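Please read the points below alongside the coordinates.

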Number of protein chains: 2
Amino acid sequence: MAHQKLVGNMLIAQSGGPTVVINQSLVGAVLEAKKQIQIKKIYGACHGIQGILDEEFIDLSKESNRSLETVAMTPSSALGSVRKKPTSDDCKAIFAKLQKYNIRYFFYIGGNDSAETTYIINEQAQHQKYDFRCFHICKTIDNDLRENDHTSGFGSGAKFVASAFMGDNLDNRALPGVKINVVMGRHAGFLTAASALARVYPDDGPHLIYLPERPFSIPTFIKDVKRVYALYGRCVIAVSEGISDARGIPVASKFTKEKDSHGNVQLSGTGALGDLLANCVKTRTKISRVRADTLGYLQRSFPGVISEADAKEAREVGQQAVRFTVSTFKNGSVAIRRSAGPKYKISYKRVLLKSVAKETQHMPNRFINRAGNDVTLAFLNYVRPIVGPLPKIGRLSAPKVKKIRG
Amino acid sequence: MAHQKLVGNMLIAQSGGPTVVINQSLVGAVLEAKKQIQIKKIYGACHGIQGILDEEFIDLSKESNRSLETVAMTPSSALGSVRKKPTSDDCKAIFAKLQKYNIRYFFYIGGNDSAETTYIINEQAQHQKYDFRCFHICKTIDNDLRENDHTSGFGSGAKFVASAFMGDNLDNRALPGVKINVVMGRHAGFLTAASALARVYPDDGPHLIYLPERPFSIPTFIKDVKRVYALYGRCVIAVSEGISDARGIPVASKFTKEKDSHGNVQLSGTGALGDLLANCVKTRTKISRVRADTLGYLQRSFPGVISEADAKEAREVGQQAVRFTVSTFKNGSVAIRRSAGPKYKISYKRVLLKSVAKETQHMPNRFINRAGNDVTLAFLNYVRPIVGPLPKIGRLSAPKVKKIRG
């Protein structure tokens, strides 16, 4: 399958929401490219395809390995990112720029939209018979790319979420009440589900987990909360920002609409869902201490909370993209695959660009409990090695003192 | 000054908002007490003074040192906490319980309210001529206790906040816009101010810092944001949850009141301030990408992000409270003092309970810049050793590629 050596320059760019390990992929690809004699200049485009359109390139061939290694440890797209879905005209313009700089190797680090962009640019090249290699390098904390067992960035995001719930569960244990935490993931519940890793002792939270894959009903939610509260005197809840009702309407947007129809200020959103669910609990139960937090951007950018497996795999998908493209495949995406069996073993497979583009994947049924308010053991077994060790949590186990009468 | 040996049991309890190192103080006191022959049983009260009123005690003499060491590393009050200001009758009842269990040594880990409670209980004992020793052990992420250079719990909270801003600044650099983060601290701005430690490069955020110690004005805020945005094309903002207008009315409550008068649902609060400031920026400027997060409870409970100095000092204030009380002082609070000079050197001083009770302290003027929208170098020098090393951040420094004409 080895193809002829194509000599030319390389361009790499980053796109979409950052992750804490996205620069591992960048550095993995750049260091691997430096070894390949057919790759001449290694350019980085600033802010994804916007940087290509504006010809805003930096010469990564001149970046020292030492600096690259520091950047690899640094969260968030070092080249800058962009949220731009290119039009058909944009794609033509992008392709013209690639030709102009004799770019023969193109790598785009991103999610399903970036795979789609890479696919369209590649179509353009084929159409024009321009000899060209391109690879999509997967990343997304949402873990929703098809063909992948999991995506790079997810493990570290999940570690942050699990750690946050560990601490928050202890906070709630010290000062009991109901605590709602809103977690990222508009359509896929993986990140919210990872909160379950926070449980160490049988009564540890999160006690309830609501995912976008199951319809959310306020009456059922209130019933769940009352039941848990009666059992433990407290309740910690993980809610995906994307929870929707039976008709598929996001709960957050429903509240916002309700407000609009009354002519009120529309909230920008992130804090609103948690506050409004908290309000529901306050008004529909007798529980007085109810709090809500939205974990926010920290989930994708907090430095220092990194899954070792995730960092390693993010580096390797970058390396693999370059290896695949100089040795065997003209284009594609690097998918992370896991071997069957109890041991965590990863391999990298080239998949078609089309097969990861556009559509995303969701939590499979076997990862969600029947009641739709928790995860299963299958999910925990799936996610634990991706996240790796969590902080050690201890409890006092000293015996109760017998009360003195009178 | 050495006083006569008083033989009896000891009781220790935790109160108020947790910190990630509050159990270091508990374990420091318990391990030190185990060495003292005049201290017999070591009881822990569950959920602060509520546990004393209910006689909910555990026998910490029977907790293994190994278990204690794991608990010391675990965030949030292991004994449980409480937010309860005792009435005069409560104090009498508490004192009666202490007598009943022959408690001669009482330690209360908490903030200014807990110091006040300890003071009142001690008054009660003196009034009744009950031979009694008691110490308050300082903790609060707000860093607002008088007599202290800083309080235990603050360093780790500040490390979390600084780390959060480091990551969020990188996120904002990758996807530029305005980002507002709301930080804990209703009356004292220390924690919000600590966000300034996130700056590594000259253009790093937070670019604006608003503290409760200075009046907040929306027009000035908008002017500041416009100026920074014109300069960097982006703006990261740290806002204390307690920012108030010139009349001292909290900005958050003003917005909420406005809503109430229109008969709308009252928001529980935490997400509201950030969202509403973001809305201000959106409607009063031409900047389209504006986001807000509220850092929330993670600031006081996130496991694993711990300042080493903070953990060490939290352990030592616990130890010192026991040492002071068996050797020299009948009662008091352990204050953290810092030696003058560039080297970070800490000592522990016994101060009067009254001198840390009730009233709190705020950011001194020399820590806040003239414009009231940033901190000074004096603050950075003050806070840096309390927080210790932060994650290493790298940037690409590769040269720009010269654009090809045409």
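1. Basis. This is a predicted model, in which local features need pLDDT of at least 70 and side-chain atom pairs count only at pLDDT 80 or more, while totals for chains, interfaces and linings use all residues. Residues are numbered from 1 along each chain as its sequence is written, and chains are lettered from A and ligands numbered from 1 in the order in which they are written.

2. B:Ser240. This residue is in strand S8 (residues 235–240) of chain B; strands (E, at least two residues) and helices (H or I, at least four) are DSSP runs, numbered from the N terminus. Buried means 20 or more other C-beta atoms within 10 Å, exposed 12 or fewer, and partly exposed in between, with C-beta atoms placed from the backbone. Leaving out residues up to four places away in sequence, B:Ser240 touches B:Val183, B:Gly185, B:Gly189, B:Thr192, B:Tyr210, B:Leu211 and B:Pro212. Contact here means C-beta atoms, placed from the backbone, within 7 Å. B:Arg289 is 49 residues along the chain from B:Ser240, and their C-alpha atoms are separated by 22 Å.

3. B:Val356. Helix H13 (residues 353–356) of chain B holds B:Val356. B:Val356 counts as buried because it has 28 C-beta neighbours inside 10 Å. Beyond four places in sequence, its contacts include B:Asn112, B:His136, B:Arg146 and B:Ser333. B:Asp113 is 243 residues from B:Val356 in sequence, yet 9.0 Å away in space, C-alpha to C-alpha.

4. Domains of chain A. Domain 1 (8–152 + 305–356) and domain 2 (156–303 + 364–387) are assigned in chain A, with bounds from an automatic or database domain assignment. The contact between them takes 18 residues from domain 1 of chain A and 19 residues from domain 2 of chain A. The domain 1 side has nine nonpolar, six polar and three charged residues. Here Ala, Val, Leu, Ile, Met, Phe, Trp, Tyr, Cys and Pro count as nonpolar, Asp, Glu, Lys and Arg as charged, and the others, Gly among them, as polar. The domain centres, over C-alpha atoms, are 33 Å apart.

5. Chain contact. Chain B gives 71 residues and chain A 72 residues to their contact. H6(B) supplies the largest share of the chain B side, nine residues. By class, the chain B side has 33 nonpolar, 22 polar and 16 charged residues.

Notes:
Contact = placed C-beta atoms within 7 Å.
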